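Please consult the sequence and the structure shown below while reading.

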Amino acid sequence: MFDKFHDECGVFGVLNHENAANIAYLGLYALQHRGQESAGIASVSSDRRRSETNIGDAIGSNGTGEQIIAPGSLQIHSEKEMGYVAEIFTEERLRRLPGDIAIGHVRYSTAGGSMLCNAQPLVASTSKGPIALAHNGNLVNGADIRRRLEADGAIFNTMSDTEVIVHLIARSKAADLEHALVDALSQVKGAYSIVLLAPGRIYAARDSYGFRPLVLGRLGESVVVSSETCAFDLIEAVTIREVRAGEVVVIECAEPSPRIRVVHEFTGPREARCIFEHVYFARPDSVIFGNNVAEVRKRFGAQLAREHPVAADVVVPVPDSGVFAALGYAHESGIPFEFALVRNHYVGRTFIEPKQSIRSFGVKVKLNPVREIVEGKCIVLIDDSIVRGTTSKKIVRMLKDFGAKEVHMRISSPPTTGPCYYGIDTPQRRDLIASAQSIESIRTFIEADSLGYLSEEGMLAAVRNGDDPRGLYCTACFTGKYPVLHEEAEAAALV
Ligand code: AMP
């Protein structure tokens, strides 16, 4: 069903770089945590005279050794595939992506949408010229618009809501791409952080709620744009600023260096930055919405220690998601931090289970306790969230099997009670253990000696930046307060 959009994604773009596709590849490599199902890069040449001959499709020479690229040859190249960035992009594949402008995308989706046709960037030839589009976030009215367009004869090639934006651009009566993009974005509702490639320029836009991050940077004479700043660190780019909520900017080729121009600013009722980016999704070395993720997670942990103290021997994180919160908890409580769960970093997505059953096999192949640290100890176990509760249950049991005296579970966010309609993959409400069960019954289910969650106020205090975070963040998965209503959310709210 196409109205089940569940995408977690990362986007990246670079303009004015002689190895644009290689830079995009490195950017995506750093954003791999945002989506492991498919990845793609689209590239194009700017239409300026160039002194280098790195572009394969040059069609003439003016006698000075310069290659002139005829506007007609400004073809968008694209390569996308299922799998990890490093596996997909071989040197040969990157050579097939010429040009000084490139955008890229990593995608994760639930099983239903797991197909190559849904991989991005989406490339299209439109009356406003060739374009490639990469999108992070979910549109809450994507399915409605799609039904309307299909009834009107539109043909869709993917099951992704991103294609709706491509159609709206193509159908816009606006005179040029810039206005067509603004026209298209004015019709969609929900979450989008997008990069759009066109010959000579990249557009970057964030919805007026600013659900998903998007940040601009500079790399020498090139401009880059990324979901997260960790991609800038890898390529040694420096952050310029965030694309603001509601802002549409164009990065265009200019002399002596590219120019960033604000094309349009959408205004909305409020900002609604995704707090879950800080809780779980973003990489700890990134700066998201003005805060470093690792520092925020440490503050979550410190606050958790104040709200739910416990007399214990060691603070143990569930790696990797609980590491920074556990550091904060340990620092605040004075209880020693111990890496008592060792993670196998080479576990693929599937593994063959032996015939005779091994208790908690799925968790055991990923995590194993250090008996010498665990035995006889009273443990505070820290993770960022409990979704279904099955992982926590297995880890608690495993620690007890290895001799832990007591296991006190502490969660560095409030109970996850509702699904996300804006781009984080969460199961349906009925599968979220906290949607129907009390904290005490969750504690019983996971077999912990005690269970404590960070409060909403405590969580928001950790992202305070001089402003009041209550009006600036989306906390819907914890509070049920959905900033933009989706038909599913509305139905759920009525239950
Ligand atoms: P569960 O066993 O369903 O309770 O899963 C809890 C674990 O899933 C925690 O370790 C979280 O870090 C992790 N987690 C939370 N949200 C997500 C998500 N959207 N996608 C993947 N893993 C998640």
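## The largest pocket

Which helices each supply at least two residues of the lining of the largest pocket? They are helix 2 (85–88), helix 8 (275–281), helix 10, helix 11 (361–364) and helix 13 (390–401). Helix 13 gives the largest share, four residues. Here helices (H or I, at least four residues) and strands (E, at least two) are DSSP runs, numbered from the N terminus.

The largest pocket has a volume of about 2,200 Å³, and 49 residues line it. Nearest its centre lie Gln36, Tyr280, Ser321, Arg343 and Lys366. The lining comprises 21 nonpolar, 14 polar and 14 charged residues; Ala, Val, Leu, Ile, Met, Phe, Trp, Tyr, Cys and Pro count as nonpolar, Asp, Glu, Lys and Arg as charged, and the others, Gly among them, as polar. A pocket is an open set of points on a 1 Å grid over the protein atoms alone, where a 1.4 Å probe fits, with protein on both sides within 12 Å along at least five of seven lines; lining residues have an atom within 4 Å of a point. Grid points are joined across faces, edges and corners, and the volume is the space filled by probe spheres set on the points.

## Basis of the model and overall make-up

The model is predicted: local features need pLDDT of at least 70 and side-chain atom pairs count only at pLDDT 80 or more, whereas totals for chains, interfaces and linings use all residues. Residues are numbered from 1 along each chain as its sequence is written, and side-chain values use heavy atoms, with hydrogens and water left out.

The protein has 18 helices and 25 strands. Of its 495 residues, 56% count as buried (under 20% relative accessible area, with exposed over 50% and partly exposed in between; 1.4 Å probe, protein chains only). Among contacts (heavy atoms within 4.5 Å) with a separation of 6 or more, 70% are between residues 24 or more positions apart.

Two strands pair if DSSP finds at least two bridges between them. Strand 10 (residues 201–206) is joined to strand 14 by five bridges in an antiparallel arrangement, with isoleucine 202 opposite isoleucine 251. Strand 15 (residues 259–265) also runs antiparallel to strand 14, through six bridges, and arginine 259 stands opposite glutamate 252. A hairpin of six residues connects strand 14 to strand 15.

## Helix 5

In helix 5 (residues 162–171), eight of the 10 residues are buried. The buried residues of helix 5 pack against strand 7 (122–126), strand 8 (129–136), helix 4 (142–151), helix 6 (177–185) and strand 9 (193–198).

## A parallel sheet and its helices

Four strands form an open sheet with parallel pairing, in the order 19-22-23-24. Strand 19 (314–317) and strand 24 (450–453) are the edge strands, each pairing on one side only. Four bridges join strand 23 (residues 406–411) to strand 24, and arginine 410 of this pairing stands opposite glycine 452.

Helix 10 (residues 323–333) packs on the sheet, touching strand 19, strand 22 (378–383) and strand 23, and its direction makes about 165° with that of strand 19. Helix 15 (residues 439–446) lies across strand 23 and strand 24, at about 130° to strand 24. Axes are lines fitted to C-alpha atoms, for helices over the stretch in contact, and angles run from 0 to 180 degrees between N-to-C directions.
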